[in-house]
Amino acid sequence: METARTLVLVAATVTCGLTAGLFYAYACSVMPALARVEDRTFIEVMQRVNVAILNGWFVLGFVGALLATAAAVALHLPSDGHDVLPATIAALVLYIAMIGVTRSVNIPLNDELAAAGTPQRIADPAGVRGRFEARWVRFNVLRALLATGALGCLAWALVLNGQS
């Protein structure tokens, strides 16, 4: 049982790290770079990214982190796993909060951007970008912080798991 607990904690930590790293990379490189391009280019790139990101590799990290973290909580529910349980529960709560932000803010903004249509045919690209960019960026930073917090909790859980 101890090997299974450790392997699931490692899987949760790695997949959560992939997701946290993705949002961090957007926050510190992708979005600052796109902030410097013209409106139609910004819209086109974001529309393409929002389609391209829906792939198996992304799902592996994004959904894998949720499933592995939930499994880590479940595996540490027995009495001999209580030292690790608070950290794994905290990680799960933070990760679920990140998913909530994604579902309630970032995905609807992505959908609105897609609904704006082909960038070359948008009558007011500055308006479309203005309704999207600042809010999406703010909430992406929040997602990065939540996912990084979850990653930190999982890393601490691994430390505690190694001490038991």
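Are Arg129 and Glu133 buried or exposed? Arg129 is buried, and Glu133 is buried as well, where buried means under 20% relative accessible area, exposed over 50% and partly exposed in between (1.4 Å probe, protein chains only).

The model shown is predicted, so that local features need pLDDT of at least 70 and side-chain atom pairs count only at pLDDT 80 or more, while totals for chains, interfaces and linings use all residues. Residues are numbered from 1 along each chain as its sequence is written, and side-chain values use heavy atoms, with hydrogens and water left out.

**View 1. Salt bridges of Arg129.** The side chains of Arg129 and Glu133 meet in a salt bridge at 2.8 Å, N to O, a salt bridge being a side-chain nitrogen of Lys or Arg within 4 Å of a carboxyl oxygen of Asp or Glu. Both residues lie in helix α5, 4 residues apart, about one turn of the helix; helices are DSSP runs (H or I, at least four residues) numbered from the N terminus. Salt bridges that share partners join Asp39, Arg129 and Glu133 into one network. Asp39 and Arg129 are linked by a salt bridge of 3.1 Å, N to O, and because Asp39 lies in helix α2 (residues 39-52) and Arg129 in helix α5, this pair ties together parts that are 90 residues apart in sequence. Asp39 counts as partly exposed at 23% relative accessibility, whereas Arg129 is buried at 6%.

View 2. Glu44 forms a salt bridge with Arg48, with the closest N and O atoms 2.7 Å apart, and the two residues lie 4 residues apart in helix α2, about one turn of the helix. Glu44 is partly exposed, with a relative accessible area of 25%, while Arg48 counts as exposed at 56%.

**View 3. Stacked rings of Phe58 and Phe62.** The structure holds 5 aromatic pairs, in which rings of Phe, Tyr and Trp (its six-membered ring) have centres within 6.5 Å, with planes under 30 degrees apart counted as stacked, over 60 as edge-to-face and the rest as tilted. The rings of Phe58 and Phe62 have centres 5.1 Å apart and planes at 20 degrees, so this pair is stacked. Both residues lie in helix α3 (residues 56-75), 4 residues apart, and Phe62 counts as buried at 13% relative accessibility.

**View 4. Stacked rings of Phe132 and Trp136.** With centres 5.9 Å apart and planes at 20 degrees, the rings of Phe132 and Trp136 are stacked. Phe132 is buried at a relative accessible area of 2%, and Trp136 is buried at 3%. Ring pairs link Tyr26, Phe42, Phe132 and Trp136 into a cluster.
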